[in-house]
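These are my notebook entries on a structure that I had not looked at before. I went through it one place at a time and wrote down what I looked up.

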Amino acid sequence: YESLSVGELANKLGKEPSEIIKKLFMLGVMATINQELDKDAIELICADYGVEVEEEVRIDVTDLEIYFEESEEQDAELTERPPVVTIMGHVDHGKTTLLDSIRDTKVTQGEAGGITQHIGAYQIEVEGKKITFLDTPGHAAFTTMRARGAKVTDLTILVVAADDGVMPQTIEAINHAKAAEVPIIVAVNKMDKPTANPDRVMQELTEQGLVAEDWGGDTIFVPISALKGEGIDQLLEMVLLVAEVGELKARKDINARGTVIEAQLDRGRGSVATLLVQDGTLRVGDPIVVGNTYGRVRAMINDIGRRVKEAGPSTPVEITGLSDVPQAGDRFVVFEDEKTARQIGEARAGEALQEQRVEKTRVTLDNLFDQM
Ligand code: GDP
Ligand code: MG
């Protein structure tokens, strides 16, 4: 049990609540019958009675991860999907300039007049192949999403300014990528500067375990100038190459699931969320649970501000129609019918509220000992 009240624990042990309260008192805790006890405190009391705590394996119907991982539809056909790329690196090394440069030259579908819209991610097309870029600051995306166990990135571009070399956030970025087991491509930026010293960058990165292919390692280094748009094509080619090796696959013909990239409350449109579809196809009208909220997909807008009716794997879209604002890193899952989505969504919203309350009243082992 994650948590039980004193009364519930007494009930399970077949003891009087007053006896449990007395035991807690002996441990130095004044407790009431409704007091919530955490797992460690429960174990402590049980041990005192010589009772072993059995871990009850409960299937939590409100656990979105279960639906996210759901395997029953796995016989759906797997097709290739575009890689999802983040750009990381030390401040001022050129992440934003690179993201802009890539977007400006290669905006998807090449539709004339397509106004790029900031939705937290965008998609480009190179040699007939799509690449999705997360546009949110790489570090923040990694930390919030990884903290919630959501893996969204297939590959990261590590930007290192050739005139500055490896800096603290460069190393931080390498550690994030390694922990998430995401391959790194190094973009040695600002090559247009007279003070650029790419050898130094290679040397310093070697010390971090990223050894260039030229030096007998297996890390791809691409010299670029994000500002002048030089080396971008080679960089994108390498992205496609690494993606190909990764054999990224997804199923188009199942209900969509994926992760929230960003979300906010819009005055006119209500809750607005950018979702990255990771598997399946998301459609307007779909009943959906997103984090602790739910709804029906009312409208979808793509990265160039166009209304779309559906979005396949690795596609970022902005949706409206949710009853509340989810958080970056939250999972989303589409359900067959609205009733199920509403039930799970409401249960999750209720649980989230409950958790906040329990958090406030919970007696933890730490404060048990504090009081002893
Ligand atoms: P970020 O903090 O990593 O997002 O870095 P920015 O993209 O904001 O770039 C920081 C500064 O470096 C800006 O003044 C850019 O114009 C400049 N910069 C970025 N890329 C290049 C480049 O390839 N060459 C030169 N000379 N300057 C660059
Ligand atoms: Mg920036």
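Entry one, the ligand. In this predicted model, I looked up what surrounds ligand 1 and found 15 residues, of which the closest are Asp92, Lys95, Thr96, Thr97 and Asp192. Sorting the residues of this shell by kind, I noted 3 nonpolar, 7 polar and 5 charged.

I listed an N or O atom in the side chain of Asn189 at 3.0 Å from an oxygen atom of ligand 1. From the backbone, an N or O atom of Ala226 lies 3.0 Å from a ligand oxygen, and one of Leu227 lies 3.2 Å from an oxygen atom of ligand 1.

I located His93 in the loop between strand S4 (84–89) and H5. Is His93 buried or exposed? With a relative accessible area of 1%, His93 is buried, since the cut-off for buried is under 20%. Its side chain makes a polar contact with the side chain of Asp164, at 2.8 Å. Leaving aside neighbours within four places in sequence, I found His93 in contact with several residues, among them Val159, Val160, Met167, Thr170 and Lys190. That list also includes Asn189, whose side chain I had already noted at ligand 1.

Entry four, helix H8. Reading along H8, residues 198–206, I marked Val201, Met202, Glu204 and Leu205 as buried. Why do they sit on the same side of H8? They do so because they cover an arc of only 170° around the axis. I then looked for what covers these buried residues, and the cover includes strand S7 (155–161), helix H7 (168–179), strand S8 (184–189) and strand S9 (220–223).

Glu181, not a glycine, has a positive phi of about 55°; Glu181 is found in the loop between H7 and S8 and is exposed, with a relative accessible area of 68%. Lys190, also a residue other than glycine, has a positive phi near 65°, and its place is in the loop between S8 and H8.

Terms used
Residues numbered from 1 in each chain as written. Chains lettered and ligands numbered in written order. Predicted model: local features only at pLDDT ≥ 70, side-chain atom pairs only at ≥ 80, totals over all residues. Heavy atoms only, no water. Near = heavy atom within 4 Å. Polar contact = N/O pair within 3.5 Å; in protein donor to acceptor, adjacent residues only side chain to side chain. Nonpolar A, V, L, I, M, F, W, Y, C, P; charged D, E, K, R; others polar. Buried < 20%, exposed > 50% of the residue type's maximum accessible area, 1.4 Å probe, protein only. Helix = DSSP H or I, 4+ residues; strand = E, 2+ residues; numbered from the N terminus. Arc of directions from axis to C-beta. Contact = heavy atoms within 4.5 Å.
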